[in-house]
Amino acid sequence: RKIVLITGVTGFIGYHILLHPDLHWVPVRAVVRSTEQITTLLKNESIGARYQQGLVDFAHIPDFSDVGSWKVALCGVEVLIHVAGPLPWKCLDPVRDILVATDRMAAAIFDAARTSHFLKRIILTSSISACTPLHGDGPFCPTTRVSIPSEPWSTVSAAYQASRINLRNNSHKFVQSNKLPFDVINILLPFVFGRNQMAESTGDLLAHFSNRMLLALLLGHRTSHPIIAQAAHIDDVVTVHIKAMYDTIPGNQDYAVTSAIIFNDAIDIARKHFPRAFESGALRAGDMPSGIVQWDTRKTNRVFEMGFYGFDRMVLDVVKQYLEFLE
């Protein structure tokens with residue numbers, strides 16, 4: 001039976017992929033940086049049961065730039081779903097913690113994969129920022145080429161975009177420069193919203209990058225600059241990753257999972273479904289200007305035979321979970 005290797009399993013997207021029903025009867029190897037993360041994951045009833053059945057095991061890789069560790073982790077693996085990667089948190093050093101870390105991690109994975117005798121597909125979780133220019137409103141698509149922001153990368157957002165552009169470009173060069181027995185798929189994502197199955201408190205919800213931003217708007221925060229208004233529901237993101245494992249989906253392609261939104265619409269959506277939360281002060285209207293860009297996702301919709309959830313569902317799921325914790 002094929003083994004699926006998944007990185008980023010203690011993060012929002014990777015954890016949801018690990019819990020997907022299609023993987024309940026498939027051997028999965030989850031990559032972790034620390035043994036403490038294994039303990040945390042095994043607290044989940046489903047993951048713990050699958051571990052006892054021998055359907056889940058772990059690859060402990062403290063240093064993601066270590067090629068040797070990746071070679072061991074890839075032993076017997078047919079599909080690698082690589083979700084892990086630094087997000088543009090302001091506390092990070094733009095060059096060291098985002099750009100260099102992402103490049104070194106990808107280089108180590110590609111080097112290790114080149115020697116694999118079992119691998120059939122690598123699925124890379126990336127960002128629409130790899131195909132979204134700093135200027136212009138689109139429509140953009142997975143084939144749009146973007147120049148890397150010029151140095152110095154003084155902000156985490158510029159370094160993050162540069163890291164995503166590098167990941168996409170380097171994956172293409174990797175495929176073109178080598179006669180590989182496997183293919184590579186890039187899945188390009190925007191802000192991803194939805195219920196967080198790892199969260200046990202409001203603090204946990206606010207620790208997730210995208211949901212934190214949406215909740216900030218609904219807790220009265222006001223943003224001075226426009227933010228690119230594209231989003232996806234976590235369920236759509238996970239579905240695309242799972243479907244991409246199968247050879248019915250063409251490889252060596254890039255696919256985008258994204259929809260245009262207006263951030264401030266979240267206020268009316270939340271007020272419609274949770275009017276008492278606004279009356280009590282649990283929710284408050286903030287302001288988040290939207291940077292309007294258009295994306296063409298018809299390729300993804302056609303190939304994966306699916307549509308995407310709307311912003312209403314995203315807001316509903318995030319706010320409902322937040323209010324449940326307050327109760």
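Modeller: Let's start with a term. A salt bridge is a side-chain nitrogen of Lys or Arg within 4 Å of a carboxyl oxygen of Asp or Glu. Keep in mind that this is a predicted model.

Biologist: Got it. Which residues are linked in a network of salt bridges?

Modeller: Asp235, Arg313 and Asp317 are linked that way.

Biologist: And how many salt bridges does a search of the whole structure find?

Modeller: The search finds 10. One of them joins the side chains of Arg168 and Asp254, at 3.0 Å from N to O. Arg168 lies in helix H6, residues 156-177, and Asp254 lies in strand S10, residues 253-256, so the pair ties together parts 86 residues apart in sequence.

Biologist: Is Arg168 buried or exposed?

Modeller: Arg168 is buried, with a relative accessible area of 2%. The cut-off for buried is under 20%.

Biologist: What about Glu324? Which side chain does it meet in a salt bridge?

Modeller: Glu324 meets Arg195, at 2.6 Å from N to O. This pair links distant parts of the chain. Glu324 is in helix H13, while Arg195 is in the loop between S7 and helix H7, 129 residues apart. Glu324 counts as partly exposed, at 34% relative accessibility. Arg195 is partly exposed as well, with a relative accessible area of 36%.

Biologist: And Arg298?

Modeller: The side chain of Arg298 meets that of Asp296 in a salt bridge, 2.7 Å from N to O. Arg298 is exposed, with a relative accessible area of 60%. Asp296 is partly exposed, at 25%.

Biologist: New topic: sheets. What order do the strands take in the open sheet of 3 strands?

Modeller: The order is S7-S9-S11, and the pairing is mixed. S7 (191-193) and S11 (259-260) stand at the edges with a single partner strand each, so one side of each has no neighbour in the sheet.

Biologist: In what sense do S9 and S11 pair?

Modeller: S9, residues 230-233, pairs with S11 in the antiparallel sense, over 2 bridges. Gln230 stands opposite Ala260 in S11.

Biologist: Which helix lies across S7 and S9 at about 75 degrees to S9?

Modeller: That is H9, residues 234-243. Helix H13, residues 311-326, also packs on the sheet and touches S7 and S9. The direction of H13 makes about 65 degrees with that of S9.

Biologist: How many residues of H9 are buried?

Modeller: 7 of the 10 are buried, so H9 is largely enclosed by the rest of the structure. Among the buried ones are Ile234, Val237 and His241.

Biologist: Now S2. How many of its residues are buried?

Modeller: 5 of the 5 residues in S2, 28-32, are buried. In general, side chains in a regular strand alternate between the two faces of the sheet. In S2, Val28, Ala30 and Val32 are on one side, Arg29 and Val31 are on the other, and both faces are covered.

Biologist: Which strands pair with S2?

Modeller: S1, residues 3-6, pairs with S2 in the parallel sense over 3 bridges. There, Leu5 stands opposite Arg29. S3, residues 56-60, also runs parallel to S2, joined by 5 bridges. In that pairing, Val28 stands opposite Val56.

Biologist: What unit do S1, H1 and S2 make?

Modeller: They make a right-handed β-α-β unit, with H1 covering residues 12-18.

Note on methods:
Residues are numbered from 1 along each chain as its sequence is written. This is a predicted model: local features need pLDDT of at least 70, side-chain atom pairs count only at pLDDT 80 or more; totals for chains, interfaces and linings use all residues. Side-chain values use heavy atoms; hydrogens and water are left out. Two strands pair if DSSP finds at least two bridges between them. Helices (H or I, at least four residues) and strands (E, at least two) are DSSP runs, numbered from the N terminus. Contact means heavy atoms within 4.5 Å. Axes are lines fitted to C-alpha atoms, for helices over the stretch in contact, and angles run from 0 to 180 degrees between N-to-C directions. Buried means under 20% relative accessible area, exposed over 50%, partly exposed in between (1.4 Å probe, protein chains only). A crossover is right-handed if, with the strands pointing away from the viewer, the path from the first strand over the helix to the second runs clockwise.
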